[in-house]
Amino acid sequence: MRLKIPMPFSFILGQQKKLQKKILKAMPSLPLTAPARTVRPRKPRTVRTRLIEVTGFGTNPGHLRMLEYVPPKARKGAPLVVVLHGCLQTADDFDRGSGWSALAREGGFVLLYPEQRKSNNPNLCFNWFRPSAVARDRGELMSVRQMIDNACARHHVDKKRIYIQGLSAGGAMASALLATYPELFAAGQIVAGLPFGAARDAMSALSVMNSGINRTPQEWGDLVRAVTPQPKKRPMVSIWHGTADRVVSVANARATLSQWLDFYGLEEADGKAVTIKGQPARVWHDAAGKPLVEFCLIEGMGHGLPIMAKRSATVKAGMPYMLEGGISAPTHLNRAILASR
């Protein structure tokens, strides 16, 4: 009988420190499709957050925090948008940088931010690489599911209009939620993330982030089918990644594309060329013409969330992983939300 020797805590801690150094080393420069503007430094000011913490939303097996923003225009039947931050970020940081609460105020939808705790991960990464954290009805995945159920009940959300966006580790967690609970979501946006099932521990996570992992499309699709063999609902999956990402290899975007195309029974050659604010992209549709998969590789973009500068004053102060340019991932997803009315 083979004995499985547990991984020592010192080794796991070392891997976490390597991850933090990798992320810090790759702090992105800001230009995307448009050059960054020179801005005179301003005196720091206190920024008020719109997010409110909610406690007692469930058993919370993943020990996450729940924060939300409910704008005055939100009414019964409003959509819900779930946003998952990246490593070394908080919900407040992400919200101020991305401009999501401004979009929610304008569009009248409810905004939900699960937030990681340092006691779970010292780099504030969602633990997408731990099988126990991303199993159905367990760990961090279950905590997010409980938050969604709680928000739906208290705010009378339209359950047919629930959307999710995640960046980096949050993108990998969004992949896990879409794969495990597809019936929950109308659409999901995975930004600089990884495919579901790409890693099973901290060591393999670093390897996959660096260079991806070689699997066939069927093998990627089988990972989703193992947790959702017969989905009742097929959410639209939008995959965004920068070609110059030095934190999460662009190979992971292509693997995510292969995973969802195979799961949905789509052929890569059938993708239709489109443009998003002048940025080339591809879209795959079902037999009825409904978009099921969207793929947007942004040439020269590093690791982070592409946004429009006017959406966030904090970008001008150099907030990390908020990449100013001529295209915005939150705005693009917001258009899908508004179009679903």
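How many disulfides does the structure hold? Please take me through the cysteines involved.

Analyst: This is a predicted model, where local features need pLDDT of at least 70, side-chain atom pairs count only at pLDDT 80 or more, and totals for chains, interfaces and linings use all residues. Residues are numbered from 1 along each chain as its sequence is written, and side-chain values use heavy atoms, with hydrogens and water left out.

The structure holds 1 disulfide, meaning a pair of cysteine sulfur atoms within 2.5 Å. The partners are C87 and C125, with their sulfur atoms 2.0 Å apart. The torsion about their S-S bond is about 125°, so the disulfide is right-handed.

Now place the two ends. C87 sits in the loop between β3 (80–84) and α2 (91–98). C125 sits in the loop between β4 (110–115) and α4 (139–155). The pair therefore ties together parts that are 38 residues apart in sequence.

Buried means under 20% relative accessible area, exposed means over 50%, and partly exposed lies in between (1.4 Å probe, protein chains only).

C152 has 6% relative accessibility, so C152 counts as buried. C296 is at 0% and also counts as buried.

Methods. Helix = DSSP H or I, 4+ residues; strand = E, 2+ residues; numbered from the N terminus.
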